[in-house]
Amino acid sequence: MAYSRACDHCNDERRSSFMKWLCAFLKGPKDGELNRRRPRVTTGEETTLWEEPVRPKKEDPPRHNNEEMDHALALTLAEDAKNTKEKTHDNKGENDEELARAIQDSLNMNPYQPYNPYAPSQSRPRGYRVCGGCKHEIGHGHYLSCMGMYWHPQCFRCCSCRYPIRETEFTLLGADPYHKLCYKELHHPKCDVCLQFIPTNRTGLIEYRAHPFWGQKYCPLHEHDRTPRCCSCEKMEPKNTKYMSLGDGRSLCMECLDSAIMDTGECQPLYHSIRDYYEGMYMKLDQQIPMLLVERQALNEAMEGESKGPHHMPETRGLCLSEEQTVTSILRRPRIGGNRLLDMRTQPQKLTRRCEVTAILVLYGLPRLLTGSILAHELMHGWLRLKGYRNLKAEVEEGICQVMSYLWLESEILPSTSRHGHGQPSTSYASSSSSSYRPPPSKKGGISHTEKKLGEFFLHQIANDTSTAYGDGFRTAYAAVNKYGLRQTLNHIRLTGGFPV
């Protein structure tokens, strides 16, 4: 009996090992054995893995191995028939189910399935790469990787021309890509004179000059290559732009030439309108002060003979004479021939001193508004001398004269509502009076947009002058007039020789 049990136990172990072998045989090789060869194929900037199919071996297994397997199978089946009654129903069901699953798995498995290079990788799900342009899935085609995103080649486009970027180098502004040439056209500054891209300096930086009012950008070399600059508005015009040469080293652009005053007779109406402006503020000049339009050389000679100063550098455009001199003035407007002035007629004139002021001289060839602002400045010098303001500091005298020039310009280019509504100083000398007289602009029909812009530039020049007497003096005087009014400020100057604080 003991021997029979031992035999049964041995038969069970033999059957169990055979069933495991049979199931393993039917299921085929393990996944690790099937996929053990994984060559790498590089696409774009990532590595995709593909699986090489398992090919059958060239040599078939020996024949005697098959005979041994059939003999073992026959022995096992015979033993199963003898021990059928001793097997439980549950164990039989489990073995049958295990065998059925193994057979079904072997039928479903196809180790010779052809390789599909476009099949999704098992390590990354489909949809892992999404185009940053069209927002669609890229898949396994060609793609770009940039700015932390993936792109179809046709979706990676320049933000300027909207064409695809196919070059190996491009420019990135924030999160926006550009062709290098498109970026240069948009953001690299061009010179307003030579109309070329402004070159970089030795350190690789873009260096240029910019006008503080007009915003004009130009190459630094144009300051030294004799590029003409308008003596009035200070603008450098593009090359081949027509300029007018005034014959004394000055050039005038066509916009400034349009309103330029060229002789003494032409300037007389403007001079009388500015005298009326003073009279309207109860600052009448009792003496008739001669006014002459002169050339640059004549003005410089008169300035050398004048004992009083200072004078506005680098160039003086006006002068209030207090000494007797002989001055050459422009008698007749010159004729324009090409880009030069022709047939200028001048006349020497002896100036005799009848009062504290001998004459007022103004440089010819300047626009009307600039000429008027110079006249308003020099007339204030005459008014102070005629009213007995003696021995004033340069900052005080030049500062209050600049204020009068500034206020006259405002009266010409700004409407009175704008002047009163934006904290402008009271210009009335008799500020306690109920009179609010405002002289009309001296040019009938108003001024053009171009002339108005030019007047704003002259205001900018006065307000931003860097000199001590003309710049700092103006800003201190303007603050005092804005706070106390013109009348109280002038009274304080007469008493103390300085501005009220």
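Is Lys453 buried, partly exposed or exposed, and what is its relative accessibility? At 35% relative accessibility, Lys453 counts as partly exposed, given that buried means under 20% relative accessible area, exposed over 50% and partly exposed in between (1.4 Å probe, protein chains only). Before going on, a word on what you're looking at: this is a predicted model, where local features need pLDDT of at least 70 and side-chain atom pairs count only at pLDDT 80 or more, while totals for chains, interfaces and linings use all residues. Residues are numbered from 1 along each chain as its sequence is written, and side-chain values use heavy atoms, with hydrogens and water left out.

Now the overall picture. The chain has 14 helices and 19 strands; these are DSSP runs numbered from the N terminus, with helices being H or I of at least four residues and strands E of at least two. Of its 501 residues, 37% count as buried. Take the contacts (heavy atoms within 4.5 Å) with a separation of 6 or more: 58% of them come from residues 24 or more positions apart.

Back to Lys453, then. Its side chain meets that of Glu456 in a salt bridge, 3.7 Å from N to O; the term stands for a side-chain nitrogen of Lys or Arg within 4 Å of a carboxyl oxygen of Asp or Glu. Both residues sit in helix α12 (residues 449-463), three residues apart, about one turn of the helix. Glu456 is partly exposed too, with a relative accessible area of 27%.

A search of the whole structure turns up 13 salt bridges. One of them joins Lys180 to Glu169, with the closest N and O atoms 3.4 Å apart. Lys180 lies in helix α5 (residues 180-187) and Glu169 in the loop between β4 (149-151) and β5 (171-173), so this pair ties together parts that are 11 residues apart in sequence. Lys180 is partly exposed at 45%, whereas Glu169 is exposed at 52%.

For a buried pair, look at Arg368 and Glu412. Their closest N and O atoms are 3.3 Å apart in a salt bridge, which links distant parts of the chain: Arg368 is in helix α9 (residues 368-386) and Glu412 in helix α10 (residues 394-413), 44 residues away. Elsewhere, Glu207, Arg209 and Glu223 are linked in a network of salt bridges.

Leaving out residues up to four places away in sequence, Arg275 touches Leu285, Gln287, Gln288, Ile289 and Leu379.

Finally, check the backbone. Most residues other than glycine have a negative phi. Lys135, though not a glycine, has a positive phi of about 70°. You'll find Lys135 in the loop between α4 (89-108) and β3 (144-146), where it is exposed at 56% relative accessibility. Tyr282 also has a positive phi, near 60°; its place is the loop between α7 and β12 (291-294), and it is partly exposed, with a relative accessible area of 42%.
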